[in-house]
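Below is a short report on one predicted model. It covers an aromatic cluster, a pocket and the confidence of the prediction.

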Amino acid sequence: MTHPTTCDLPVEIPHATLLFVDVQNFCAVRNGGEYKGMTPADFEAKHGYFFRQMEVSVVPNMQRLQAGCRKAGIEVMYTLILNLTKDGRDRSLD
């Protein structure tokens, strides 16, 4: 007996949710808390490419996806992965 994969199943709008995980100001905006105190040169050397991609591609695509889901009546939710220890040992395996 073969079972369908999730790719084979139709999206049921009333039961669908778009979930964004861990898109936080702390690490997803140039002046987020993670980057405070960095010189512009250090920031560019270490994170410039990442933020150019975020600003030019990632965030605009997220916004289009959000708008499309909302227009279709699909709920949009946000969550974050949080740990309180520096090594993450309190983070769930899920």
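Y35, F43, F50 and F51 form one aromatic cluster. Rings of Phe, Tyr and Trp (its six-membered ring) pair if their centres lie within 6.5 Å; planes under 30 degrees apart count as stacked, over 60 as edge-to-face and the rest as tilted. The structure holds five such aromatic pairs. Two of them are tabulated here.

| Pair | Centre to centre | Angle between planes | Class |
|---|---|---|---|
| Y35 and F51 | 5.3 Å | 85° | edge-to-face |
| F43 and F51 | 5.2 Å | 35° | tilted |

The pair of Y35 and F51 links distant parts of the chain, 16 residues apart. Y35 sits in the loop between α1 and α2, and F51 in helix α2. Helices (H or I, at least four residues) and strands (E, at least two) are DSSP runs, numbered from the N terminus. Both Y35 and F51 are buried. Buried means under 20% relative accessible area, exposed over 50%, partly exposed in between (1.4 Å probe, protein chains only). F51 has a relative accessible area of 1%, so F51 counts as buried. F43 is buried too, at 9%.

**The pocket**

The largest pocket has a volume of about 180 Å³. The search runs on a 1 Å grid over the protein atoms alone: a cavity is a set of points where a 1.4 Å probe fits but cannot get out, and a pocket is an open set with protein on both sides within 12 Å along at least five of seven lines. Lining residues have an atom within 4 Å of a point. Grid points are joined across faces, edges and corners, and the volume is the space filled by probe spheres set on the points.

V23, Q24, N25, A28, V29, M54, V59, M62, Q63, Q66 and Y78 line this pocket. The largest share, five residues, comes from α2. By class, the lining has seven nonpolar residues, four polar and no charged.

Q66, one of the lining residues, is found in helix α2. Is Q66 buried or exposed? Q66 counts as buried because its relative accessibility is 12%. Leaving aside residues up to four places away in sequence, Q66 touches L18, F20, V76 and Y78. Contact means heavy atoms within 4.5 Å.

**Confidence and conventions**

pLDDT is the predictor's confidence in each residue, from 0 to 100. The chain averages 86, and 96% of the residues score at least 70. Confidence is lowest in helix α1 (residues 25-28), at a mean of 76, and highest in helix α2 (residues 40-72), at 94.

In this predicted model, local features need pLDDT of at least 70, and side-chain atom pairs count only at pLDDT 80 or more, while totals for chains, interfaces and linings use all residues. Residues are numbered from 1 along each chain as its sequence is written, and side-chain values use heavy atoms, with hydrogens and water left out.

Key: Ala, Val, Leu, Ile, Met, Phe, Trp, Tyr, Cys and Pro count as nonpolar, Asp, Glu, Lys and Arg as charged, and the others, Gly among them, as polar.
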